[in-house]
Structures are given as structure tokens and as C-alpha cells.
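Hi everyone, thanks for coming.

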Amino acid sequence: MASPRGVVITVPTLVLSLLGAAIFLFFLFFSLSSCNCPAPSAVARSSSPPSCGGLCDSASGSGVSVERVRTSVEDIEWVKDQIRVNGLHMAENVLRKGINPRTRAQQLEDLRNFKGISHYEEPEASNHTALPCPGELLVEEHHSNYGEPWAGGRDVFEFLAEASHLKPESRVLEIGCGTLRVGVHFIRYLEPSHFHCLERDELSLMAALRYELPSQGLLHKRPLIVRGEDMDFMKFGSKVVYDLIYASAVFLHMPDKLVWVGLERLASKLKPYEGRIFISHNVKFCSRLGGEECTRRLASLGLEYVGKHTHDSLLFNHYEIWFEFRRSKA
Ligand SMILES: C[S@@+](CC[C@H](N)C(=O)[O-])C[C@H]1O[C@@H](n2cnc3c(N)ncnc32)[C@H](O)[C@@H]1O
């Protein structure tokens, strides 16, 4: 009904309009609250592609990356692009402005003859260095001790971390960790004191403890590194259960008998079913017995062979061969 001063709305019309608006708002609110879009905080925390490109927080099922391990295709494309846009090529490494190329031997000689550029003289010389490191280690001679590029340690870590579904809270034992070529990557990734190692070589242990851990800022990770060569794991404690036990380029240097002693002592320290033992290069300690006898012997220890893997290096034309074992009984 029109009135001279404006539009007049009847009461029933008003009630119906309000009811319609309420129903519309109810459905709008319901559809928004039931949207399964990611929460803003989860999106912000996610640092990797949907596949996680490495390790995911599978325990929470959130798909949120704990800490990515494997180099992704995107990472490789990015760094290739950086090399390209900066116009970089391998050129002869000669003396040039601000650059003084030295071999390790020359560096060591310089260190002995001239010490550091700025240094304290006697008697102050030994008062300012908390952890004096031998010159041989400072020039990283130990990075050449195993005849293979040091960088390959990262390849080993990435393979083992993925294959064993490593998490920061996992417990890991390396047999023969040497100079921590592989171990530093585990130590950095794992929670404090979760990396254990048994190593027999004094020089390697010196390099690990006097150079690698302090120079990589990893002393706070308190790895348990024990000197020994008899596969004696008593010093690691009787209650420890490992998620991963590995031997990288070690068992091939050991007498078969010692390898079997080690496996016998380690079988009960491996987490049943999910825990893994990985052995690199070959398993001649096993094949020399003959296939069936080896399987029988493993079974008597509660272990079983899972399979063989190869893993390509990121930086050089090389692949590692790994043999996987698990504990088949609780
Ligand atoms: C080729 S190096 C590999 C080091 C390290 N796993 C890596 O991949 O860089 C072999 C290491 O095994 C150690 N090793 C050999 N026999 C051993 C034993 N019976 N007990 C403990 N360590 C041993 C050696 O001292 C050496 O450090």
C-alpha cells in the first residue's frame, strides 16, 4: 500500500523478510565453517611441496614438513638458475685479487710458519683458544682419508634418512663412523644424544671430536661416540633401542666372524619390525656362508633380509649399494 510519505511495509512482509535473511545467513555460515581449506597457520608452517619432498611429520598425519632432507627438483632448478644468471664457469684457480689458492699441504705449512693473520705471541699464545685443534685437522686432511669425496656423506644421510623414515626423535647407531662424514648430518638432524657411534680409529675420532663437532656447531648435540673395535656395545647402555643401525663402508673391512658377533649383539637393540639395519657395498659375510645358511643364521638372530637398494649421488657420478635388514620378531 503506497502512502504519500514513502513505502509502508506490512508486519507479515517484515517477518517473512527477516526469516529469509536468517535462513540465508545460517547456510552461508555453515558452508564457510565446513570448508576444508588449510588453516592459515598450517600453510605458513609448511615449507615443502605437497609430497613433502623428503620427510614429513607422518606421526601427526598433518603433512607438515618437520625438516626436509632430500634435495628437491625445485632446489636443483633454483641452484642451476643461480649459476646461469651469475654466468659462472669452472675456471683455473689461480692467484687473483683477494684470493690466494693453497693446497692443504701449503696451508698447513703457512699455519705452522705464520700462524693466523692476527695471533697472540708467547706466553699469551695458548690462553685464548678453548679447544686448540691440530693443524692437520684445521686444513681438513681428514676429509681425504677414505678416498672418496667428502660430499658423498650427505648422499648417504639422505638415502638412509628416507629409507628408515627418520624423525628427529629416532635413535641411530653408526658402526665405524670415521670422521663423521655421514654422522654430522645425522647429528644435526637428530635430537641431542640420539646419535651413537662405535669407531676404532684414533685419528678419525680426533677429527670427529676436535674438528667436526666444534666447527659445525654441533657440540650441544652430545653424540655418544665410543672408541672400540670388538663390536662391544656395552657403553651405549643396556636399554637403548635403535630405529636405525648402519655401517657405511665398514663391514667389508671386517672379518666375517666379527660382523656376525656384532649382528648377534645388535639384534635385540633394534626396534622390532620397524627398525632397520643398513649395510653398504656388499654382504659377503652373508654370501660366503651360502644363501640358505645365511638366511637361517639371520633368522636364528631374529633378523631378516628385506632387500637391496641403490642410491645416486647428487654431486658426482656414483651410486651406493645398500642392503636392508629388519628384526622379524619382538
Ligand atoms: C671407509 S671408513 C668409513 C667411515 C664412515 N662410515 C664413512 O662412511 O665416512 C671405515 C671406518 O670403519 C672403521 N672400522 C673398521 N673396523 C672397525 C671395527 N672393528 N670397529 C669399529 N670401527 C671400525 C675404520 O676405522 C674407519 O673409520
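Let me begin with one term: two residues are in contact if their C-beta atoms, placed from the backbone, lie within 7 Å. With that in hand, take the contacts in this protein between residues at least 6 apart in sequence: 66% of them join residues at least 24 apart. Please keep in mind that what you see is a predicted model.

Now the overview. The protein has 330 residues, of which 24% count as buried. Its secondary structure comes to eleven helices and nine strands.

How confident is the prediction? The mean pLDDT of the protein is 87, and 80% of its residues reach 70 or more. Over residues 30-53, though, the pLDDT is below 50, and this stretch has 18 contacts in the model beyond near neighbours in sequence. Residues 56-63 also stay under 50, with seven contacts beyond four places in sequence. Where pLDDT is low, the predicted coordinates should not be read in detail.

Let's move to the strands. Strand 4, residues 195-199, pairs with strand 5, residues 224-227, in the parallel sense over four bridges. To get from strand 4 to strand 5, the chain passes through helix 8, residues 202-215, and this β-α-β crossover is right-handed. If you want a pair to look for, find H196, which stands opposite L224 in strand 5.

Next, strand 9. Which strands does it pair with? On one hand there is strand 7, residues 276-280, which pairs with strand 9, residues 319-327, in the antiparallel sense over five bridges. Strand 8, residues 303-312, also runs antiparallel to strand 9, and nine bridges join the two. Strands 8 and 9 form a hairpin, with six residues between them.

H281 has a positive phi of about 70 degrees although it is not a glycine. Most residues other than glycine have a negative phi, and most peptide bonds are trans. L180 has a positive phi of about 70 degrees too, and is not a glycine either. You'll find L180 in the loop between strand 3, residues 172-175, and helix 7, residues 183-189.

Are these two residues buried or exposed? L180 has 28 other C-beta atoms within 10 Å, so it is buried. H281 has 16 within that distance, so it is partly exposed.

And where is the cis peptide bond? Look from E122 to P123, where omega is near -5 degrees. P123 is found in the loop between helix 4 and helix 5.

Let's visit helix 6, residues 152-163, which contains G153. G153 is buried, because 22 other C-beta atoms lie within 10 Å. Leaving aside its neighbours within four places in sequence, G153 is in contact with R181, V182 and H185. H185 is 32 residues away from G153 along the chain, yet their C-alpha atoms are separated by 7.9 Å.

R181 brings us to the ligand: of the 19 residues around the ligand, R181 is among those that come nearest, together with G176, G178, D201 and S248. By class, this shell has eight nonpolar, six polar and five charged residues.

Key: Residues are numbered from 1 along each chain as its sequence is written. This is a predicted model: local features need pLDDT of at least 70, side-chain atom pairs count only at pLDDT 80 or more; totals for chains, interfaces and linings use all residues. A residue is buried if 20 or more other C-beta atoms lie within 10 Å of its own, exposed if 12 or fewer, and partly exposed in between; C-beta atoms are placed from the backbone. Two strands pair if DSSP finds at least two bridges between them. pLDDT is the predictor's confidence in each residue, from 0 to 100. A crossover is right-handed if, with the strands pointing away from the viewer, the path from the first strand over the helix to the second runs clockwise. A residue is near a molecule or strand if its C-beta atom, placed from the backbone, lies within 6 Å of it. Ala, Val, Leu, Ile, Met, Phe, Trp, Tyr, Cys and Pro count as nonpolar, Asp, Glu, Lys and Arg as charged, and the others, Gly among them, as polar.
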